[in-house]
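Me: Can you take me through the side-chain packing in this one? I'll ask as I go.

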Amino acid sequence: MLMDAYLSHEACQSLNFINLISSSSISDGLLIGHKRGHRFFVEKILPSLPGFFPSLKKYHELDQFFNGKLLGFFSFNPDEKKIKKILAPFACGKLFLEISSNQQRKITIKSYVI
């Protein structure tokens, strides 16, 4: 399901920064923020390991570290394997941002609810 999400100025800057410095177009990360009604408010973007996190235990530790504000995930040009990893019960209701970049390094973002 396509979803509406608000990205703070800092979150947008972080995505553009990752896009500019990344030597490959494959980057993953976590979204930190909150949900108000049906809208997601992304406050921070944090780069992560490829594939988002190494284990479900680490995912829960990260969520606790951010006081339950782990809002979802982002991926530049995600492949099917990455998407499949987060199509799981623990991610139900989380936000996923699929990001693509063109030759001019301009990003396009599609948002989904898992």
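Me: Which residues form one aromatic cluster?
Reply: Tyr-59, Phe-73 and Phe-90 do. Rings of Phe, Tyr and Trp (its six-membered ring) pair if their centres lie within 6.5 Å; planes under 30 degrees apart count as stacked, over 60 as edge-to-face and the rest as tilted. This is a predicted model, where local features need pLDDT of at least 70 and side-chain atom pairs count only at pLDDT 80 or more, while totals for chains, interfaces and linings use all residues. Residues are numbered from 1 along each chain as its sequence is written, and side-chain values use heavy atoms, with hydrogens and water left out.

Me: How many aromatic pairs in the whole structure?
Reply: The search finds 5. In one of them, the ring centres of Tyr-59 and Phe-73 are 6.1 Å apart with the planes at 35°, so that pair is tilted. Tyr-59 belongs to helix 2 (residues 56–65) and Phe-73 to strand 4 (residues 70–76), so the pair ties together parts 14 residues apart in sequence. Helices (H or I, at least four residues) and strands (E, at least two) are DSSP runs, numbered from the N terminus.

Me: And Tyr-59 with Phe-90, what are the distance and angle?
Reply: Their centres are 4.7 Å apart and the planes at 55°, so this pair is tilted. It links distant parts of the chain, with Phe-90 in the loop between helix 3 (80–86) and strand 5 (95–101), 31 residues from Tyr-59.

Me: Is Tyr-59 buried or exposed?
Reply: Tyr-59 is buried, at 2% relative accessible area. Buried means under 20%, exposed over 50%, partly exposed in between (1.4 Å probe, protein chains only). Phe-73 is buried too.

Me: Switching to Ser-8. Where is it found?
Reply: Ser-8 is in the loop between strand 1 (5–7) and helix 1 (9–21). Its relative accessibility is 15%, so Ser-8 counts as buried.

Me: What does Ser-8 touch?
Reply: Leaving out residues up to four places away in sequence, Ser-8 touches Val-42 and Glu-43, where contact means heavy atoms within 4.5 Å. Ser-8 and Phe-41 are 7.4 Å apart, C-alpha to C-alpha, and 33 residues apart in sequence.

Me: Last topic, the largest nonpolar core. Which residues touch the most other members?
Reply: Leu-15, Leu-31, Val-42, Ile-45 and Phe-74, out of 16 residues. Such a core is a set of buried Ala, Val, Leu, Ile, Met, Phe, Trp, Tyr and Cys residues joined through side-chain atoms within 4.5 Å. Strand 1, helix 1, strand 3 (39–47), strand 4 and strand 5 each give two or more residues to this core.
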